[in-house]
Amino acid sequence: MSTVEWEIAMPFGSVVVPKHPRRTAMSSGVTVDVSRETGESEPKKNDDSAVKSFPSDIGKLRESLSLDPTDIIDPMQATRCLAVANQKGGVAKTTTVVNLAAALTVLGSRVLVVDMDPQGNASSALGLSREPDSIGTYEVLVSGAAIVDAAVTVPGLPGLRAVPATVDLAGADIELVSQVARETRLRKALEIYLEEQSEAGDPVDFVLLDCPPSLGLLTVNALVAAGEVLIPLQSEYYAMEGLSHLVSTVDMIQQHLNPNLAITAILLTMFDGRTRIAPQVAEEVRKHFSAELLETVVPRSVRLSEAPSYGQTVLQYDPTSVGARAYLAVARELDRRASDQIDLTDKVDSPVKATEV
Ligand SMILES: Nc1ncnc2c1ncn2[C@@H]1O[C@H](COP(=O)(O)OP(=O)(O)OP(=O)(O)O)[C@@H](O)[C@H]1O
Ligand SMILES: [Mg+2]
């Protein structure tokens, strides 16, 4: 079997993306019960043929971004699952999920997006069908459909799959209340999927969960499934309002349902450095969350707000825009921070090695 996944001709030579080694399922590390839950009727499978119709687009995208070979992200040891959450509305959760997912994909990672928001904005922004006859997050959470049957490849971005939010998802928050293991349904489904993908030699590097603007059962399911929380904060006066509530929700989930959950990143969005308020917000966040605050900020960009109306990510819509570059920088920073942490852990975990040298 070849060890090369993709070879892409670039102006500076070719970029080779290696095949991923086989890995364990999720970084959050809870053991998996691999008995797949089944619904009453056998669920259909979404059409996942898009990947075949867009074989070269990712190569073209990389060319237009003038990526350096060193930009390609190394395969992960374990899947990183990030819940992108903030109960405040309109702070760029969805914009972050779809564009970060595209950026990670362009940089060579395998990504799965799960649209946890009944508004379905991530699904439409990725150009996916939200028709009631598709299988989506509702079927996964409520009817026990398998993620492998619900996930579809995003047009133009082989390597990026997404589970769409069909209109039924609006009822899930209420329907889940009476169900057994209502908080862990996404986690179980994801663990099965990740295990299967890994077994099939097609492992997933990143899972991004687009949460709704509330802290109901849909967000709780995301926080129970995730290992990390990424909080987008709009750089405006009320940015920090409600943040303590979100932090205590994360603490509560960590204590009772998911001991591995941590807030690992806070991202300032719609940043306008010409205003007085934006740097003030950055300063205030840094005071309280200096380790979590990402260096990269996402500036206001018209292209970012236009792209969804074409069912595209900003990397496809305008790869050279400031919005596209910002989300590429976010992707690289997230990867770099994780690598730095692994290096640190290596040092802490291996005192023998350190004294031997
Ligand atoms: N950096 C940016 N520059 C300009 N517009 C932006 C930027 N980020 C997001 N937007 C726009 O702001 C609006 C809200 O963004 P988005 O839908 O991503 O927020 P959200 O947190 O997911 O909202 P909700 O809470 O309703 O799910 C959208 O119209 C989006 O296009
Ligand atoms: Mg949203």
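Biologist: How many of the ten residues of β9 are buried?

Modeller: This is a predicted model. In it, nine of the ten residues of β9 are buried, and the strand is mostly covered.

Biologist: Which strands pair with β9, and in what sense?

Modeller: β8 pairs with β9 in the parallel sense, over seven bridges; Q234 stands opposite T269 in β9. The chain passes from β8 through α10 to β9, and this β-α-β crossover is right-handed. β9 also pairs in the parallel sense with strand β10 (residues 293-299), over three bridges. There, P299 is the bridge partner of F271. The crossover from β9 through helix α11 (residues 277-288) to β10 is likewise a right-handed β-α-β crossover.

Biologist: Which residues of α10 are buried, and why do they line one face of the helix?

Modeller: The general idea is that an α-helix has 3.6 residues a turn, so residues three or four places apart point the same way. In α10, the buried residues are L243, V250 and I253. Seen down the helix axis, the buried residues of α10 fall within an arc of 85 degrees, so they line one face. The face turned away from that side carries exposed residues, among them S244, D251 and H256.

Biologist: What covers the buried residues of α10?

Modeller: The cover includes α9 (217-225), β8 (228-234) and β9 (262-271). Beyond its neighbours within four places in sequence, L223 is in contact with residues including V250 and I253. L223 is also one of the residues that touch the most other members of the largest nonpolar core, which has 99 residues. Helix α3 (residues 93-106) gives the most to this core, with eight residues.

Terms used:
Residues are numbered from 1 along each chain as its sequence is written. Chains are lettered from A and ligands numbered from 1 in the order in which they are written. This is a predicted model: local features need pLDDT of at least 70, side-chain atom pairs count only at pLDDT 80 or more; totals for chains, interfaces and linings use all residues. A residue is buried if 20 or more other C-beta atoms lie within 10 Å of its own, exposed if 12 or fewer, and partly exposed in between; C-beta atoms are placed from the backbone. Helices (H or I, at least four residues) and strands (E, at least two) are DSSP runs, numbered from the N terminus. The arc is that of the directions from the helix axis to the C-beta atoms. Two residues are in contact if their C-beta atoms, placed from the backbone, lie within 7 Å. A nonpolar core is a set of buried Ala, Val, Leu, Ile, Met, Phe, Trp, Tyr and Cys residues joined through C-beta atoms within 7 Å. Two strands pair if DSSP finds at least two bridges between them. A crossover is right-handed if, with the strands pointing away from the viewer, the path from the first strand over the helix to the second runs clockwise.
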